[in-house]
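Subject: Structure handed over, with notes

Hello,

Here is the structure for your files. My notes on what was found follow below it.

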Amino acid sequence: MDPYVLPFSEVGADSVALVGGKGANLGEMARAGFPVPPGFCVTTAAYREFVAASPELDGLLDALEGTDPDDLSRNGELGKRIRDHLTALPVPDAVRASVLAAWREAGPERPYAVRSSATAEDLPTASFAGQQDTYLNVRGEGHLLDAVRRCWASLFTDRAIAYRATNGFLHRSVLLSVVVQRMVLPEVSGIMFTADPITGRRKTVSIDASFGIGEALVSGLVTADLYQVRSGAIVTRRIAR
């Protein structure tokens, strides 16, 4: 049986089916020696165990699969029913015990970021990044378990449902892992692309950066500074005002 929890040190690029794209890449960076804040992944095996406890979910998913992708009202109604249903389900005892054991080992007195990590993130033909939820500064076992459950339920946000339907993904085909990672309070944060995301040039590194935590940047709350680097030199510098 697949484990319900895995530390970053035990996951990598070959673990996407268990820990999703975000979890797999955090594992790769941690194993390569980058200063990744410590944490662990609640695996897709835990998600499977969670949804298996619901006798009603199959019927709701059947209804969702049978709707017209363009019927946003119906899809939104079903999505809300699924989210409400999942957030009301108890976390299975075995999953709960595994998550809390890993959390206590990591340091229960600290705040954590609880982040969704889907198995279909950053594919060659589609990107689900940012479509599921993240919860910051989570403290205490009750809040931790609730945040994990809400991440699982966010697999059925309106935008995630619409994106899957538009791109031909079955709603049952995408699973969710949850990354639980120690919060840090950075002076600055950002996103680095190893190729220019606009032109596709492989020799241009593109960096979006801003003051404060990265969630403000990826959520669109701030306008980022832009830096582009080529052959070790900054070739573009655009400072936001």
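This is a predicted model: local features need pLDDT of at least 70, side-chain atom pairs count only at pLDDT 80 or more; totals for chains, interfaces and linings use all residues.

S98 sits in helix 5, which runs over residues 93–106. Apart from residues within four places in sequence, the contacts of S98 are Y4 and V5. A separation of 98 residues in sequence lies between S98 and D196, and their C-alpha atoms are 41 Å apart in space.

The chain as a whole

The protein chain contains eight helices and nine strands. Its radius of gyration is 19 Å, close to the 18 Å that the globule rule gives for 241 residues, so the chain is as compact as a globular protein of that length. Taken along the principal axes, the box filled by the C-alpha atoms is roughly 60 × 45 × 35 Å.

Of the 241 residues, 42% count as buried. The accessible surface of the chain is about 12,900 Å², and carbon and sulfur atoms account for 53% of that surface. As for contacts between residues at least 6 apart in sequence, 64% of them join residues at least 24 apart. The charged side chains comprise 25 positive and 28 negative ones, with 7 Å between the centres of the two sets.

Aromatic rings

Two aromatic pairs turn up in a search of the whole structure. Y47, F50 and W152 are linked by ring pairs into a cluster.

D2 belongs to the segment before strand 1. With a relative accessibility of 44%, D2 counts as partly exposed. Beyond its neighbours within four places in sequence, D2 is in contact with L18 and A45. The C-alpha atoms of D2 and A45 are separated by 6.0 Å, although the two residues are 43 apart along the chain.

P7 is placed in strand 1. It is partly exposed, at a relative accessible area of 29%. Not counting residues up to four places away in sequence, P7 touches G39 and F40. Between the C-alpha atoms of P7 and P38 there are 8.4 Å, for residues 31 apart along the chain.

Once neighbours within four places in sequence are left aside, S15 is in contact with E10 and G20.

Strand 7

I207 is located in strand 7, which covers residues 205–211. Its relative accessibility is 24%, so I207 counts as partly exposed. Setting aside neighbours within four places in sequence, I207 is in contact with I191, M192, D225, L226, Y227 and V229. Among these partners, D225, L226, Y227 and V229 fall within the residue range of strand 8 (225–230). I207 and S9 are 198 residues apart in sequence, and their C-alpha atoms lie 27 Å apart in space.

Positive phi angles

Which residues other than glycine with a positive phi are worth a look in the model? One of them is N137, with phi near 55 degrees. N137 is in strand 4, residues 134–138. Its relative accessible area of 47% makes N137 partly exposed.

S231 is a residue other than glycine with a positive phi, near 55 degrees. S231 lies in the loop between strand 8 (225–230) and strand 9 (233–238). At a relative accessible area of 79%, S231 is exposed, because the value is over 50%.

Regards

Terms used:
Residues are numbered from 1 along each chain as its sequence is written. Side-chain values use heavy atoms; hydrogens and water are left out. Helices (H or I, at least four residues) and strands (E, at least two) are DSSP runs, numbered from the N terminus. Buried means under 20% relative accessible area, exposed over 50%, partly exposed in between (1.4 Å probe, protein chains only). Contact means heavy atoms within 4.5 Å. Rings of Phe, Tyr and Trp (its six-membered ring) pair if their centres lie within 6.5 Å; planes under 30 degrees apart count as stacked, over 60 as edge-to-face and the rest as tilted. The radius of gyration is taken over C-alpha atoms; the globule rule is 2.2 Å times the number of residues to the power 0.38. Accessible areas come from the Shrake-Rupley method with a 1.4 Å probe; for residues, only the protein chains shown count as cover. Lys and Arg count as positive and Asp and Glu as negative; His and the chain ends are not counted. The place of a charge is taken as NZ of Lys, CZ of Arg, CG of Asp or CD of Glu.
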